[in-house]
Amino acid sequence: DTEVTQTPKHLVMGMTNKKSLKCEQHMGHRAMYWYKQKAKKPPELMFVYSYEKLSINESVPSRFSPECPNSSLLNLHLHALQPEDSALYLCATKDQNNEQFFGPGTRLTVL
Amino acid sequence: DQQVKQNSPSLSVQEGRISILNCDYTNSMFDYFLWYKKYPAEGPTFLISISSIKDKNEDGRFTVFLNKSAKHLSLHIVPSQPGDSAVYFCAATPNRDDKIIFGKGTRLHILP
């Protein structure tokens, strides 16, 4: 299994909702990432987990809360988001050769 | 401060010709460089990488060249094919760090 999967593919939520994005990998990669990508912009790093511990938080607002339950799973919990948080949220892993593997992303729309 | 720069937002190339995408970086701590291809509404896919101990890496139609003294790398695609039309991101990382820094991307259009 050489892929990163993300669910759901699309998510529409109101500003008062609580939702979660999920990411899964079975490649044994120890580093897992959340990125946010707006149209026509590069991926913007949010969080990095290394060996299931949060190693990088790029000053992301607390309405985004990451969680790494085990080495295969990475969640992003969303609460009280703003319309400007609408974007493509990408999960990625990194192997020992520094190659990053991206999931297909979750297209999030906040109303 | 942009540490990885792709100064051409877009590039148009005739099918069958060579596409050359350029990338400059400012951080001398970067020692590993990657190129990603992205289609609309999809996540980026890894294309090719190069370590700072090399100056060239080739994989099929894709070749990456690294000029460390100029802090410049380029991706050559030859021959260019219609399916190569996408946004290409250059990225760099200090090897001991998990952070990967992306450029703003270059949109490549392959013309029939």
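Where chain B meets chain A, the contact (heavy atoms within 4.5 Å) takes in 21 residues from chain B and 26 residues from chain A. This is a predicted model, in which local features need pLDDT of at least 70 and side-chain atom pairs count only at pLDDT 80 or more, while totals for chains, interfaces and linings use all residues. Residues are numbered from 1 along each chain as its sequence is written, and side-chain values use heavy atoms, with hydrogens and water left out.

**The interface**

- About 1,600 Å² is buried between chain B and chain A, and carbon and sulfur atoms give 55% of that area; buried area is the accessible area (1.4 Å probe) that two parts lose on being put together, summed over both.
- The interface of chain B and chain A has 1 salt bridge, a term for a side-chain nitrogen of Lys or Arg within 4 Å of a carboxyl oxygen of Asp or Glu.
- Lys99(B) forms a salt bridge with Glu58(A), and their closest N and O atoms are 3.0 Å apart.
- On the side of chain B that touches chain A, strands E4 (32–38), E5 (45–51) and E9 (86–93) of chain B each supply at least two residues, strands being DSSP runs of at least two residues, numbered from the N terminus.
- The largest share of that side, 4 residues, comes from E4(B).

**A sheet in chain B**

- Five strands of chain B form an open sheet in the order E1-E3-E8-E7-E6, with antiparallel pairing, where two strands pair if DSSP finds at least two bridges between them.
- The edge strands, E1 (4–5) and E6 (56–59) of chain B, each pair on one side only.
- Strand E3 (residues 19–25) and strand E8 (residues 72–77) of chain B run antiparallel and are joined by 6 bridges.
- Ile20(B) stands opposite His76(B) in E8(B).

Methods
Chains are lettered from A and ligands numbered from 1 in the order in which they are written.
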